[in-house]
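Keep the sequence and the structure in view while reading.

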Amino acid sequence: MVHRPLSLQQALELKRALGARGVPVAGGTDLIVGIRKGRPAPAEMIDLSLVPDLDGIERVGDQLRVGARVSHARLEVMDLGALAAACETVGGPQIRNLGTIGGQLGTASPAGDVSVALVALDATVELASVDGRRTLPLCDFFVGPGRTVLRPDELVLAVTVPLNRRSAFYKIGKREAVAISLLMAAVSVDAHGHVAIGIGCAAPVPMRARDAEASLRTHGWSAESIDAAAALVSAEVRPISDHRGSADYRRAMAGAVVRRLLTQLWREGAPAASRIGADGARGTA
Ligand SMILES: Cc1cc2nc3c(=O)[nH]c(=O)nc-3n(C[C@H](O)[C@H](O)[C@H](O)COP(=O)(O)OP(=O)(O)OC[C@H]3O[C@@H](n4cnc5c(N)ncnc54)[C@H](O)[C@@H]3O)c2cc1C
């Protein structure tokens, strides 16, 4: 059965009544495609497409609050550095028109391009149930492939990202479009030089490279410290080998991609964003 709530309150009441059996559907690009590939269809689906409160993009001071139902297509055209660049690399235009931020987080894929950009931007995620709302750092939201801390009666409401950072994103994929990433990374830096590094396809969840971040904090920015940070990234990632690439290749590329992004942000004084590259092929913005 498909439920079509017309308000957030109705959606949350349904989620409370149905619990884990009530599966939210936003763009359906993960869920419906999965069902078509043979995954069992949920008995109860909660279609979020008519819930108005989830589709806003709102500036709050120096932060941007993005509703869960906002599509990648809406964000890719905004001046949002790594976030826009990551959205631009998701699938093809049809997927980006349908696919949403909430769906990306709900899928909790270690290969989620937008999740990696959000993690590198120190995003927070807002969750809601009929009992109220809670906010947590996005990197604490993911628990493993397809697993999050979302409770059975909760929905993702929004993510919030700081706007006062320069950031860049880089993705290695087999093809330019409609290809799952082999490895991707995003880096953001604030006015004080505080760096956050996010990496995808390198661990069970979109991860932060904490050792590399700490090293840059200690040693500052130079060609040598960037090399050292890149080496730490290769040491701290935990990739697997699969049909897209070996763990060794991913480990080497994680360091190389982060070195490239850090160098780019270090050299440029202006907001930066780069897209698919290397063997995959889109150039640098
Ligand atoms: C051909 C193709 C190419 C793709 N290419 C890429 C790519 O390059 N990069 C990439 O990162 N992804 C890619 N994807 C995956 C997908 O498009 C994204 O993950 C997208 O963001 C999913 O959003 P959605 O709204 O369609 O999610 P849905 O399919 O509607 O939902 C996905 C999951 O999230 C849950 N969910 C949805 N909304 C909420 C909410 N508000 N609260 C709680 N749970 C929620 C659902 O229950 C479900 O478990 C691709 C998919 C396809 C089919």
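Two residues are in contact if their C-beta atoms, placed from the backbone, lie within 7 Å. With that in mind, helix H10 (residues 247-267) lies across S11, S12 and S13, and runs at about 30° to S12. The model is a predicted one.

The whole chain comes next. The protein chain has ten helices and 14 strands. Its C-alpha trace spans about 55 × 45 × 30 Å along the principal axes. A compact globule of 285 residues would have a radius of gyration near 19 Å, and the 18 Å of the protein chain agrees with this. Of the 285 residues, 47% are buried. Among contacts with a separation of 6 or more, 65% are between residues 24 or more positions apart.

Strands of a sheet pair through backbone hydrogen bonds, either parallel or antiparallel. Here four strands form an open sheet in the order S11-S12-S13-S14, with antiparallel pairing. Strand S11 (165-173) and strand S14 (207-208) are the edge strands, because each pairs on one side only.

Tyr170 stands opposite Ala185 in S12, and Ala185 in turn stands opposite Ile199 in S13. S12 and S13 are joined by six bridges and form a hairpin with four residues between them, where Gly193 in the turn has a positive phi of about 85°.

How many residues of S13 are buried? Six of its six are. Val195, Ile197 and Ile199 point one way from S13, while Ala196, Gly198 and Gly200 point the other way. Helix H8 (residues 210-219) lies across strand S13 (195-200) and S14, and runs at about 160° to S13.

The ligand is the last stop. Of the 31 residues around the ligand, Gly27, Gly99, Gly102, Gly103 and Gly106 come nearest. Elements that give two or more residues to this shell are strand S2 (22-25), helix H2 (31-36), helix H5 (93-98), helix H6 (101-107), helix H7 (113-120) and strand S10 (155-162). H6 gives the largest share, five residues. By type, the shell divides into 16 nonpolar, 13 polar and two charged residues.

Technical notes: Residues numbered from 1 in each chain as written. Predicted model: local features only at pLDDT ≥ 70, side-chain atom pairs only at ≥ 80, totals over all residues. Rg over C-alpha atoms; globule rule 2.2 N^0.38 Å. Buried ≥ 20, exposed ≤ 12 C-beta atoms within 10 Å, placed from the backbone. Near = placed C-beta within 6 Å. Nonpolar A, V, L, I, M, F, W, Y, C, P; charged D, E, K, R; others polar. Pairing = 2+ DSSP bridges. Axes fitted to C-alpha atoms, helices over the stretch in contact; angles between N-to-C directions.
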